[in-house]
Amino acid sequence: MTTLDTAGTFTLGDRTVRRMGYGAMQLAGPGVFGPPRDREAAVAVLRAAVEAGVNHIDTSDFYGPHVTNQIIREALHPYPDDLVIVTKIGARRDEAGAWLPAMSVAELTGAVHDNLRNLGLEAMDVVNLRIMGSDDGHGPSEGSIAEPLSILIDLKKQGLVRHIGLSTVTPTQIAEARAMTEIVCVQNLYNLAHREDDVMVADLAEAGIAYVPYFPLGGFTPLQSDALSAVAVELGATPMQVALAWLLQRSPNLLLIPGTSSVAHLTENLKAAGLVLPEAAMSQLDQIGAS
């Protein structure tokens, strides 16, 4: 039994993954654009993650673009039988690195083929449809997603995609999507300081759908950060470890994908899977999101 087993497992479609995974976004260059400063270090992080028991890697071909998936292939192909690679489509990068919507038939179809080619796969385990709805493209906003989702459903029928997920979506959009096809995961912003999706997390857990929070330490105010640090000191852990452990104890359907380009930082993050927070600490931490 590894440390990661302490946090348990959950299902992604017909696959079972450990709840502590790895997010590959930071393997690209600054701003998730261009090549990393140290490609060998990026390869080492991926290999260390899998050796530690990680069997859920989150990525996208618009990280780089193309760079992150090419590094994953270099580091891990041929892939372990239990490894589940999840990608996302629906965005693209321009020459300056800006994030732009990419929702046409050609763009979504091309994105799936780019992921398959750069990862060296014949079919993707899970593809998340990334909605670029808000003014800056990085937050959810209402509006039908039926048209782009129908394209992804068609790619699933072709056998290029095994399972479909959603990213940066509202409850209304999730309901619309579930009426069209099976949805196996939702990836939104959620952490101790950002609890807007509390009800969504619970509803998805009841439905057996994974929720994959991103930015586990993003958007804290100074006071909230101080409160988290105080709990971490009490427990002899780092703030990041405590924040990750809180997510793991928050709901059994939460799958974590903390990212890093450092093996040392990876090791620190993975230790959070074995950190059991006492009830008093959970109560203290719950107050952060309410402040």
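Begin in the loop between helix 2 and strand 5 (84-89), where Pro78 lies. This is a predicted model. The bond to look at joins His77 and Pro78. This peptide bond is cis, and its omega is about 0°. Why stop here? Most peptide bonds are trans.

Pro65 sits in the loop between strand 4 (56-58) and helix 2 (67-76). The peptide bond from Gly64 to Pro65 is cis too. Its omega is near -10°.

Most residues other than glycine have a negative phi. Two residues here go the other way.

Take Val32. Look for Val32 in the loop between strand 3 (22-23) and helix 1 (39-51). Its phi is positive, near 60°, and the residue is not a glycine. Is Val32 buried or exposed? Its relative accessible area is 13%. Buried means under 20%, so Val32 is buried.

The other stop is Thr168. Thr168 belongs to the loop between strand 9 (161-167) and helix 5 (171-178). Thr168 is not a glycine either, yet its phi is positive, at about 60°. Thr168 has a relative accessibility of 1%, so this residue also counts as buried.

Then find the positive phi values at Val32 and Thr168.

Conventions: Residues are numbered from 1 along each chain as its sequence is written. This is a predicted model: local features need pLDDT of at least 70, side-chain atom pairs count only at pLDDT 80 or more; totals for chains, interfaces and linings use all residues. Side-chain values use heavy atoms; hydrogens and water are left out. Helices (H or I, at least four residues) and strands (E, at least two) are DSSP runs, numbered from the N terminus. Buried means under 20% relative accessible area, exposed over 50%, partly exposed in between (1.4 Å probe, protein chains only).
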